[in-house]
Amino acid sequence: MRLRKRAAKAVLYRAVQTLADLPMGQRCILDRLDLPEDIARRLMELGFLPGNEVVPARRAPGRGPRIFRVDGSEVALRDETAARVYIRRDPESVSYTHLT
């Protein structure tokens, strides 16, 4: 019984995620950018602002960059960059991969 409780707690502690961890079509809310200032500033100009909704749309061919929908635009990010953009899941979100 204790093992199950520990496993459940481990899942809760994994709540801190990045855009790289997010499945396609799952909405999220941007929490923070852990990037060099110049890159963070450029992403913020493109709409990656804390509190904004972000949705992974698709991946470029050949395991290329992932494309994210944010602020009415689609932006491609490398996996290394997406792994440093922290998110929180939107509890009211609905995956809508069937619409893409």
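Begin the tour by selecting Ile29, which stands opposite Arg88 in strand β6. Strands here are DSSP runs marked E of at least two residues, helices are runs marked H or I of at least four, and both are numbered from the N terminus. The structure is a predicted model, in which local features need pLDDT of at least 70 and side-chain atom pairs count only at pLDDT 80 or more, whereas totals for chains, interfaces and linings use all residues. Residues are numbered from 1 along each chain as its sequence is written, and side-chain values use heavy atoms, with hydrogens and water left out.

**The whole chain**

Display the entire protein chain as a cartoon. Three helices and six strands are present, and along the sequence they follow the pattern α-β-β-α-β-β-β-α-β. The chain has 100 residues, of which 34% are buried; buried means under 20% relative accessible area, exposed means over 50%, and partly exposed lies in between, with a 1.4 Å probe and protein chains only. Now show the surface: its accessible area is about 6,900 Å², and carbon and sulfur atoms account for 52% of that. These areas come from the Shrake-Rupley method with a 1.4 Å probe, and for residues only the protein chains shown count as cover. Of the contacts between residues at least 6 apart in sequence, 63% join residues at least 24 apart; a contact means heavy atoms within 4.5 Å.

**The sheet**

Colour the six strands next. They form an open sheet in the order β1-β6-β2-β3-β4-β5, with antiparallel pairing. The edge strands are β1 and β5 (73-77), each of which pairs on one side only. Two strands count as paired if DSSP finds at least two bridges between them.

Return to the starting pair. Strand β2 (residues 28-33) runs antiparallel to β6, and five bridges connect the two. On β6 (residues 85-89), select Tyr86. Is Tyr86 buried or exposed? Tyr86 counts as buried because its relative accessibility is 19%.

Strand β1 (residues 17-18) pairs with β6 in the antiparallel sense over two bridges. Select Gln17, which belongs to β1 and has Ile87 as its bridge partner in β6. Gln17 is buried, as its relative accessible area is 18%. Setting aside residues up to four places away in sequence, Gln17 touches Val85, Tyr86, Ile87 and Arg89.

**The other side of the sheet**

Move to strand β3 (residues 53-59), which five bridges join to β4 in an antiparallel arrangement. Select Arg58 and look across to Ile67 in β4, which stands opposite. Six residues lie between the strands in the hairpin of β3 and β4, where Gly62 takes a positive phi near 70°.

Strand β4 (residues 66-70) is in turn joined to β5 by five bridges, again antiparallel. Two opposing pairs can be displayed here: Phe68 with Val75 in β5, and Arg69 with Glu74 in β5. The hairpin of β4 and β5 has two residues between the strands, and Asp71 takes a positive phi near 50°. Strand β4 is mostly covered, with four of its five residues buried.

**The nonpolar core**

Finish with the largest nonpolar core, which has 17 residues; Leu19, Phe48 and Val54 touch the most other members. Elements that give two or more residues to this core are β2, α2 (37-45), β4, β5 and β6, and β2 gives the most, with three residues. A nonpolar core is a set of buried Ala, Val, Leu, Ile, Met, Phe, Trp, Tyr and Cys residues joined through side-chain atoms within 4.5 Å.

Which residues are in contact with Phe48, leaving aside its neighbours within four places in sequence? They are Leu19, Leu30, Leu33, Leu43, Val54, Phe68, Val70, Val75 and Leu77.
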